Each structure stands twice: as structure tokens, then as C-alpha cells.
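The stops below can be selected by residue number.

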Amino acid sequence: EGVMYDITERKRAELAALRQAEHDSLTGLKNRAACDAAIDHFLDEASRFQVPVSLLYVDLDGFKRVNDTLGHKAGDQVLVQCANRLRQAMRRSSDVLARVGGDEFVAVLYGVGPGDKVLVEIASEIVASLCQPIVLDDGHHANLGASVGMACFPLHAHHRKQLMAAADEAMYEVKHSGKNAFAMVTRTT
């Protein structure tokens, strides 16, 4: 004689709570906390196996103008479409893509270093796709761009905060030199 319990609903609720805790509710991408945890995991593995990790910090150029002129609902639509375009630019599901701020995104590529062709390909695809006009539900078009800063472990940083700061520094250099481009941070550790 035994007792059986159906825990299907409880497991479904646990998975939904976990997803909500780790993902941005608007875009469905990982949130900052989940991104930080994934980067820490990648860097730990990369240290053990002596492989590089690249981080791309993406900031949307012109997003504030969309919110100011077309409204926050339009801004939300833009963010969702930009997230979808970023997903398409990624090369494999094991890479991490996250929304870490209002119009800021991070892509983390495990096993990719500064000399790897795929890094430039992905950065180019991100900039090209985010520069394409976005058609909104009301028929308006939003025209944006993207500034992308890149940094690589272990060349530019030895831990997550350094890596994020280095990529952020490179992204601001792109913003100050004309936007709609990507660049690798120039300093090394």
C-alpha cells in the first residue's frame, strides 16, 4: 500500500517563479542578477579550462527620443523587438543574452576571444540589425542605433565587475566617437 501525490502543479509553479526571478518581464531575456550569475559561472569555468570569454555591452542609441516622442508603450515595443533582433544575432543557445538596464543589454560569449572572427561577426550583426527601422503597432517607425563595447577575459579583466566596466568603457568610447559602431576596449589588465 502506498500514497501517491501529483506534484505537477507545484513543479509548474516553482519553474514559473524561477523564470520570473531570472528573466526580464518585458523582453523575456535574462535580467541583471541572472546575467551576473551566468558571467561568474562562465569565468569560473574559463579559468579552469583556460578559455576566453567575451562580453559585449550594448546600448541603444536614440531610445530616449522614442520614449519622449512616441511614448512609453512605443518604447516597450522597441525594447521587445530589439531583444528579438539580439537573439537572432547570437550564435548558440549556451551564450548569455540579458537586459541589464532600461535600454542596455549584455551578450556573453563563452570560448570566444579578441582574435576570433565570430566576435566581430556578432558585433557587426548587432549594430546592423539594431540600426534597421522598427515598425510599431500604430504604424510609426522608430529609428535607433547601437553602441557596442567589447571586453575579453582574461585579457581585459579577471572578474565580472572588471569585465563589465571594461566593456562599458569601450561602449562609451563608441558613443563619444559617433555611435552606431562597436569597439574593443584598448587597455589590458
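The tour goes from the whole chain to single residues.

This is a predicted model, in which local features need pLDDT of at least 70 and side-chain atom pairs count only at pLDDT 80 or more, while totals for chains, interfaces and linings use all residues. Residues are numbered from 1 along each chain as its sequence is written, and side-chain values use heavy atoms, with hydrogens and water left out.

**Whole chain**

Show the protein as a cartoon. It has 6 helices and 7 strands; these are DSSP runs, helices being H or I with at least four residues and strands E with at least two, numbered from the N terminus. Along the sequence the order is α-α-β-α-α-β-β-α-β-β-β-α-β. The C-alpha atoms fill a box of roughly 75 × 50 × 25 Å along the principal axes. Of the 189 residues, 44% are buried; buried means under 20% relative accessible area, exposed over 50%, and partly exposed in between, with a 1.4 Å probe and protein chains only. Among contacts (heavy atoms within 4.5 Å) with a separation of 6 or more, 69% join residues 24 or more positions apart.

Select Phe42 and Tyr110, and show their side chains. The structure holds 1 aromatic pair, and these two residues form it: the pair is tilted, at 5.3 Å centre to centre with 55° between the planes. Rings of Phe, Tyr and Trp (its six-membered ring) pair if their centres lie within 6.5 Å; planes under 30 degrees apart are stacked, over 60 edge-to-face, and the rest tilted. Phe42 sits in helix 2 (residues 32–49) and Tyr110 in strand 3 (residues 104–110), so the pair links parts of the chain 68 residues apart. Phe42 is buried at 11% relative accessibility, and Tyr110 is buried at 19%.

**Gln50**

Next select Gln50, in the loop between helix 2 and strand 1. Its phi is positive, about 55°, although Gln50 is not a glycine. Most residues other than glycine have a negative phi, and most peptide bonds are trans. Gln50 is exposed, at 67% relative accessibility.

Asn67 is in helix 3 (residues 63–70). Is Asn67 buried or exposed? It is buried, with a relative accessible area of 17%. Leaving out residues up to four places away in sequence, Asn67 touches His72 and Gly75.

Move to His140, in the loop between strand 4 (134–135) and strand 5 (141–142). His140 is partly exposed, at 42%. With residues up to four places away not counted, His140 touches Leu70, Ile134 and Val135.

**Pro154 and helix 6**

Pro154 lies in the loop between strand 6 and helix 6. Check the peptide bond from Phe153 to Pro154: it is cis, with omega near 5°.

Now select helix 6 (residues 160–176). Its 17 residues should span 24 Å at 1.5 Å a residue, and the end C-alpha atoms are 24 Å apart, which agrees; the expected span is 1.5 Å times one less than the number of residues. Buried residues in helix 6 include Leu163, Ala167, Ala170 and Val174. An α-helix has 3.6 residues a turn, so residues three or four places apart point the same way. The cover over the buried residues of helix 6 includes helix 2, strand 1 (53–61), strand 3, strand 6 (145–153) and strand 7 (181–184).

**After helix 6**

Finish at Gly178, which follows helix 6 and has a positive phi near 125°. Lys179, in the loop between helix 6 and strand 7, also has a positive phi, near 70°. Lys179 is partly exposed, with a relative accessible area of 41%.
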